[in-house]
Amino acid sequence: MTMRRIEALTHLVELTEHDPLVVTCAATSRELASVADRDNHLYLLDSMGLVGSVATGLAIAAKGSDVRKVIGIEGDGSLLMNPNVLPTGGYLAPEKLFIVLLDNKVYGSTAGLPTYADRVDLGAVAAASGWTTGTADDEASLREEFARLVAAPGPTLLHVRIEAGNAADIAKLLVDPVSITLRFTAWMTARLAKQ
C-alpha cells in the first residue's frame, strides 16, 4: 500500500534530524512543518522548482565537512518546473547531494492537475544523468533505500511513489521567508563550524 505524502514526511523527519533539509513549496512545506518545524528545515515557500538548485549549491558548500548529505525534498510537479537540475547534478556530481522525490503524479497544491510524471519516469531521468537512484513505495522500502542512498557517494535520488492528495486541516505556513532563511543559515553555519 502506497503512502500519503504526510506519512512519507513523517518518516523522513525521523531520518533527517541532523541533516540540512531543503523542502519544496506549498503543501509539502506546510505538511512537513506540521510534523516538525526545525531549524535545519529550509522551506522554499515561493520558489517552485528550486529545491535541486539550492540543495546542489549547499552540497557543494558542504564538501569536506562531516555533513553526510544535503537533502532536498522535491515533488514531481516542482521538479518538472526545473528538470535541468538532474543533468546539472549529474555533471557537477556533488558528493553530498541527495534528493527525495515525492511523486504523486499531480500538482498537489493546484487541485490535483496531472503532471508529466504519469508518462515520464523522473527516477530514470536522474539515473540517465549520472545519479545513483532508488525507489520506494512504502515505509520499509523508504527506510531501506534512504539508508543505502544517504551512504552512497555522489548525487543520489530516492524516487518515492505516493498517493495523490493533501493532508486535511494543515495550517498555512505564514512565517516570513526571510526569517526562515536566517534561521536555516544560522543552523547551517553552526553545523559546518563543528568540524
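Trainee: Okay, I've got the model open. Which helix does Ile60 lie in?
Mentor: Ile60 is part of helix H3, which covers residues 51-61. Keep in mind as we go that this is a predicted model.

Trainee: Is Ile60 buried, partly exposed or exposed?
Mentor: Partly exposed, because its relative accessibility is 46% and that class sits between the 20% and 50% cut-offs.

Trainee: And which residues form a nonpolar patch with Ile60 on the surface?
Mentor: Tyr91 and Leu92. Together with Ile60 they have about 370 Å² of accessible area.

Trainee: Let's go inside. How many residues are in the largest nonpolar core, and which touch the most other members?
Mentor: That core has 52 residues, and Val70, Leu102 and Val160 are the ones with the most contacts to other members. Strand S4, residues 97-103, is the top contributor, with 6 residues.

Trainee: What does Val160 touch, leaving out residues up to four places away in sequence?
Mentor: Met3, Val100, Leu101, Leu102, Asp103, Ala136 and Leu142.

Trainee: Switching to helix H1. Why is H1 described as largely enclosed?
Mentor: Because 8 of its 11 residues are buried; the helix runs over residues 5-15. The buried ones are Arg5, Ile6, Ala8, Leu9, His11, Leu12, Val13 and Leu15.

Trainee: Which side chain does the Arg5 side chain make a polar contact with?
Mentor: Glu31, at 3.1 Å. Setting aside neighbours within four places in sequence, Arg5 also contacts other residues, among them Ala27, Thr28, Leu102, Asn104 and Ile162.

Trainee: New topic: backbone. What's up with phi at Ala111?
Mentor: Phi there is positive, near 65°, and Ala111 isn't a glycine. Ala111 sits in the loop that links strand S5 (106-107) to strand S6 (113-114).

Trainee: Buried or exposed, that Ala111?
Mentor: Exposed, with 79% relative accessible area.

Trainee: What about phi at Asp169, and where does that residue lie?
Mentor: Asp169 also has a positive phi, about 60°, without being a glycine. Look for Asp169 in the loop between strand S8 (156-161) and helix H8 (177-193).

Trainee: And how does Asp169 count on accessibility, buried or exposed?
Mentor: Exposed, because its relative accessibility is 79%.

Notes: Residues are numbered from 1 along each chain as its sequence is written. This is a predicted model: local features need pLDDT of at least 70, side-chain atom pairs count only at pLDDT 80 or more; totals for chains, interfaces and linings use all residues. Side-chain values use heavy atoms; hydrogens and water are left out. A nonpolar core is a set of buried Ala, Val, Leu, Ile, Met, Phe, Trp, Tyr and Cys residues joined through side-chain atoms within 4.5 Å. Buried means under 20% relative accessible area, exposed over 50%, partly exposed in between (1.4 Å probe, protein chains only). Helices (H or I, at least four residues) and strands (E, at least two) are DSSP runs, numbered from the N terminus. Contact means heavy atoms within 4.5 Å. Patches are made of residues with over 30% relative accessible area and no salt bridge: like charges are joined within 9 Å, nonpolar side chains (Val, Leu, Ile, Met, Phe, Trp, Tyr) within 5 Å. Accessible areas come from the Shrake-Rupley method with a 1.4 Å probe; for residues, only the protein chains shown count as cover. A salt bridge is a side-chain nitrogen of Lys or Arg within 4 Å of a carboxyl oxygen of Asp or Glu. A polar contact is a pair of N or O atoms within 3.5 Å; within protein, one must be able to donate a hydrogen and the other to accept it, and residues adjacent in sequence count only if both atoms are side-chain atoms.
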